[in-house]
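Reader: Please show me the model. I would like to know what stands behind the labels.

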Amino acid sequence: MLFKKKEIEIKIKLYSGLHKEAAIDNYNPDEGYICKIPKGSRVRSVVKKLGLPDIYSLAYFCNGQRIGIFTKLRNGDELSCFRPSGGG
């Protein structure tokens, strides 16, 4: 008997022009992108599937909290991805 891994739904919001580099059709910056991923997925696997460049140099937030690429995502999470910037 085969078991299908349970899926969860998350929202992805891309900033700093990352939506232009992602493999997402018709991305809406105001609403983000809703996607289904396998339960237990980590940020790293989701970002790789999006095709974002140099995933280790980006900043990630989940529900407003800074997280790392090995953080597991849960159903209903909002993942935000940024290019870090500085200024003064």
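**Labels and their cut-offs**

Author: The side chain of D77 reaches the backbone nitrogen of R74 at 2.7 Å. This is a predicted model, where local features need pLDDT of at least 70, side-chain atom pairs count only at pLDDT 80 or more, and totals for chains, interfaces and linings use all residues. Residues are numbered from 1 along each chain as its sequence is written, and side-chain values use heavy atoms, with hydrogens and water left out.

Reader: Where does D77 lie, and what is it in contact with?

Author: D77 lies in the loop between β4 (65-67) and β5. Strands are DSSP runs of E with at least two residues, helices are runs of H or I with at least four, and both are numbered from the N terminus. Contact means heavy atoms within 4.5 Å. Beyond neighbours within four places in sequence, D77 is in contact with E9, I10, K11, C62 and N63.

Reader: Why is S80 called buried?

Author: Buried means under 20% relative accessible area, exposed over 50%, and partly exposed in between (1.4 Å probe, protein chains only). S80 has 9%, so it is buried. S80 is found in strand β5. Residues up to four places away in sequence aside, S80 touches K13, Y15, A59, Y60 and F61.

Reader: Why is the pair of Y15 and F82 called stacked?

Author: A pair of aromatic rings is described by the distance of the centres and the angle of the planes. Rings of Phe, Tyr and Trp (its six-membered ring) pair if their centres lie within 6.5 Å; planes under 30 degrees apart count as stacked, over 60 as edge-to-face and the rest as tilted. Y15 and F82 are 4.5 Å apart centre to centre, with 5° between the planes, so they are stacked. Y15 lies in the loop between β1 and β2 and F82 in strand β5, so the pair ties together parts that are 67 residues apart in sequence.

Reader: What makes the pair of F61 and F82 edge-to-face?

Author: The ring centres of F61 and F82 are 5.6 Å apart and the planes stand at 85°, so the pair is edge-to-face. F61 lies in strand β3 and F82 in strand β5, so this pair ties together parts that are 21 residues apart in sequence. Y15, F61 and F82 form one aromatic cluster.

Key
A polar contact is a pair of N or O atoms within 3.5 Å; within protein, one must be able to donate a hydrogen and the other to accept it, and residues adjacent in sequence count only if both atoms are side-chain atoms.
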